[in-house]
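Please look first at the whole chain and then at its parts. The paragraphs below are meant to be read beside the structure, with attention to how each term is defined.

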Amino acid sequence: MITTTPYWNPILETLDMERLQQLQLKKFKRIFKWAYDHSRFHRSLYDRAGISPSDIRSLNDIRHVPTVEKSMMRDIQRKDPFPYGDALCVPIEDVTEFRQTSGTTGQPVYQPDTWQDWEWWAESWAYILWAQGYRPKDRVFIPFGYNIFVAFWAGHYGAEKIGCEVVPGGVLDTAARLLKIQELKATAMMATPTYVLGMADAARNQLGIDPASLTIDKITCAGECGASIPSTKHRMESAWGAKVYDHSGATEIGAWCYECQEQSGGLHVNEGLFLVEIQDVDTGELITEPGRKGKMIITAFDRIAQPCVRFDSKDVIEWADYACPCGRSYRLIKGGVQGRADDITKVKGVLLSPSAIEEVVRGVSRLGNEYEVIVEKKGDTDRITLKVEFLPETQAQRVEIEKELTDQLRLKTNLRYNLQFYEMGELPRYEVKARRFKDLRK
Ligand SMILES: [Zn+2]
């Protein structure tokens, strides 16, 4: 295997924009026709909108193709044939993989994949891991039982595809995982930011081990925005003495973007495998210019069992206004996924992004990692409560900390907060994915 190139796919990742767009059009037409021809759900959706595969002649035509929402998939899957409804595009005997969405609200959506789809998942993860410096010599520890959720299964297969050695760390508790990392001298790890920070605490407090003394030199994050929030990334990197990289993916979509070793403040969209469109949340207008946030509409070109064609992901993203020094032509989204369109709500008429609050809290060094945000209605006005924890021995500095926090919050979010301080360990802890933002007005 050639291990000298910095790109997993040196041709696609450096293709000029014109040829890349030609490829995207060709691949969009192919998957759109596949969905139209093989699924009653898709065909009736497109027929109702009066659009068929022969109407797609340019990338501009794509915006007339109706979007699909998660709630539609939920409805389909309650109907026959069991269990995927009539969105399934292959004979049921071709399905080799079952997964389901991991969201904490609503009925999960089932996700069937064929073996071809599964190889595609591993391929999409190979781009991510190669860009983050994974090579065949790496020993990768995955500190989770993967269960019916796709992310770490796909990360596992992607790492193997590259040639890494993979250690599945399910069933073990956190202390046993840390000891296994120490024993095997693992060099890389994949985890949610919540768990990366939780493991570092457990290493220090339960085992008396400095996590930075372990041999992990790179960590790939999944499941939460943290690795793209500078202050959270900094906390993880300094705790582990390792590089921490972000990526984003979803069960219904695939692993569609990744940070590279340059850590340039954005994630590359894998534009050879996916078409990403950004849409204004209020007007539905297509956003092509950098610096304007909108929600992502995404198509996976090569996934065939349950296709992802113009899926309304509700992820809020924006294009970056710079190119990455790594030389990839795949465009960057600035700051990664910035939240969910459902969560980025207006408070007192101001757009509030939960990740902006995280950036501030984790940037105050005398506060702990945990926090909680509660938005509620008091009379006619919105009130935001932010709960934070003091690090041990810092309570005497409360006045200073409160001032620093208030100033930073006003600067970064333009809002006032009702601040509540707690002692270390009083706020709820989350094992894998955290729910730290609660909007009680809904
Ligand atoms: Zn790059």
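This is a predicted model: local features need pLDDT of at least 70, side-chain atom pairs count only at pLDDT 80 or more; totals for chains, interfaces and linings use all residues.

Residues are numbered from 1 along each chain as its sequence is written, and side-chain values use heavy atoms, with hydrogens and water left out.

The protein is divided into domain 1 (1–338) and domain 2 (345–439), with bounds that come from an automatic or database domain assignment. The centres of domain 1 and domain 2, taken over C-alpha atoms, are separated by 29 Å. In contact terms (heavy atoms within 4.5 Å), 19 residues of domain 1 meet 19 residues of domain 2. The size of an interface is often given as the accessible area lost when the parts come together. Between domain 1 and domain 2 about 1500 Å² is buried, and carbon and sulfur atoms give 44% of that area; buried area here is the accessible area (1.4 Å probe) that two parts lose on being put together, summed over both. Between domain 1 and domain 2 there are 11 residue pairs in polar contact, both residues at pLDDT 80 or more, where a polar contact is a pair of N or O atoms within 3.5 Å, one able to donate a hydrogen and the other to accept it within protein, and residues adjacent in sequence count only if both atoms are side-chain atoms. The elements that give two or more residues to the side of domain 1 that touches domain 2 are helix 6 (174–184), helix 7 (193–207) and helix 8 (230–240); helices (H or I, at least four residues) and strands (E, at least two) are DSSP runs, numbered from the N terminus.

Helix 8 is mostly covered, with eight of its 11 residues buried, and buried means under 20% relative accessible area, exposed over 50%, and partly exposed in between (1.4 Å probe, protein chains only). Among the buried residues of helix 8 are R235, M236 and W240. After helix 8 comes G241, with a positive phi near 60°. In helix 9 (residues 354–363), nine of the 10 residues are buried, so helix 9 is largely enclosed by the rest of the structure.

Where is K295 placed? K295 belongs to strand 13 (residues 294–300), and at a relative accessible area of 13% K295 is buried. The side chains of K295 and D312 are joined by a polar contact of 2.8 Å. In strand 14 (residues 311–317) lies S313, which is buried with a relative accessible area of 5%. A polar atom of the S313 side chain lies 3.1 Å from the backbone nitrogen of D315.

The peptide bond from D80 to P81 is cis, with omega near -10°, and another cis peptide bond joins F82 and P83, with omega about -5°. P81 lies in the loop between helix 3 (70–77) and strand 1 (95–100). V171, although not a glycine, has a positive phi of about 65°, and at 85% relative accessibility V171 counts as exposed. R310, in the loop between strand 13 and strand 14, has a positive phi near 50° and counts as buried at 3% relative accessibility.
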